[in-house]
Amino acid sequence: MEWTAKRMWMVWMASTLAVVVMASELLADDTSWEAVSAKKELVVGFCAQYPPFESKKENGQFEGFDVDLGNAIGRELGVKVVYKDGEWQGLIAGMKKGDYDVLITCMGKNTAREQNVNFSDVYFDLTEVIVVHKDETKISSVTDLSGKTVGAQFATSSEEVVDGMADRFRSIKKYNYTTEAFLDLKFKRIDALVCGLAYAVVQFKKDPSFKIVGEPLHSTEIVMALPKNADALTAKINGAMAKLNADGTYKKIYDTWISLD
């Protein structure tokens, strides 16, 4: 009995040491922050077709909530921030290939988790709403969407919401960009669409052809996505965001871009 207990203890100790060694090796291999610090540059990937988070001005310059937040994080980290515009569907693959250090592109926490990547602390709470044509009188809540055609953008939290209610719709039409869904809604090629409230407000300011109906459908926690096991860079970004929250910088950026009155 004594020998068996001693042997079990030795096996346990060997297993524990193996785990410690493996963890140490993983930490040693994590050069995510060292790489950014060495080049003094943080490459941010996003899809610049989603105002007020990110979009491109006529002169080609990027602007938006994510842009200002990314710049503020860069200042905290002491590095230059370089933005690269890409197709939404290809951002994760591009990051895994090494094209970007981080994605700051209004990505849902569940989406990041499903893609098996690191993600930052939550930096925004995105509410999904139902949008219809301003002349629509038969749709006033989610229950009225029964038998209707509803639009949403691919690979977004909006898509997750409509997929979860697919059995109540006649059909779901999915788009590469929410702007395309708004265009179809304007010309009544779909009955309604689901998108983030902040994005809907931006569209209303450009074109009064739409309105929001019913209660919010869902709230999505928005995070920044980073390569899997880039723990050092993830920690640095989280630390920078905490400082921006504490000193009021985040609130200023929020007030500049997210006007939901």
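How much space lies in the second largest pocket? In this predicted model, the answer comes to about 180 Å³. Rolling a probe the size of a water molecule over the atoms is a handy way to see where empty space is left. Three helices each put at least two residues into the lining of this pocket: α4 (91-97), α5 (109-114) and α6 (157-164). Among the lining residues are Trp88, Gln89, Ile92, Ala93 and Met107, and the list also includes Thr111, Glu114, Ala155 and Glu160.

Next come the helix pairs. Two packed helices are described by the angle between their axes and the distance between the axes. Take helix α3 (residues 65-77) and helix α10 (residues 249-257): their axes come within 9 Å and cross at roughly 160°. An angle over 145° counts as roughly antiparallel, so that is how α3 and α10 run relative to each other. Their crossing is right-handed. On the α3 side, Phe65, Asp68, Leu69 and Ala72 make the contact, meeting Thr249, Tyr250, Ile253, Tyr254 and Trp257 of α10. Seven of these contact residues are nonpolar, with one polar and one charged.

Helix α2 (residues 32-39) and helix α9 (residues 231-246) pack with their axes 5 Å apart, at an angle of about 65°. The pair is therefore roughly perpendicular. Here Ser32, Trp33 and Val36 come from α2, while α9 brings Asp231, Ala232, Leu233 and Lys236 to the contact.

Terms used
Residues numbered from 1 in each chain as written. Predicted model: local features only at pLDDT ≥ 70, side-chain atom pairs only at ≥ 80, totals over all residues. Heavy atoms only, no water. 1 Å grid on protein atoms, 1.4 Å probe; cavity = no way out; pocket = protein on both sides within 12 Å on 5 of 7 lines; lining within 4 Å. Points joined across faces, edges and corners; volume = space filled by probe spheres on them. Helix = DSSP H or I, 4+ residues; strand = E, 2+ residues; numbered from the N terminus. Axes fitted to C-alpha atoms, helices over the stretch in contact; angles between N-to-C directions. Parallel < 35°, antiparallel > 145°, perpendicular 65-115°, else oblique. Left-handed = near helix turned anticlockwise from the far one by under 90°. Contact = heavy atoms within 4.5 Å. Nonpolar A, V, L, I, M, F, W, Y, C, P; charged D, E, K, R; others polar.
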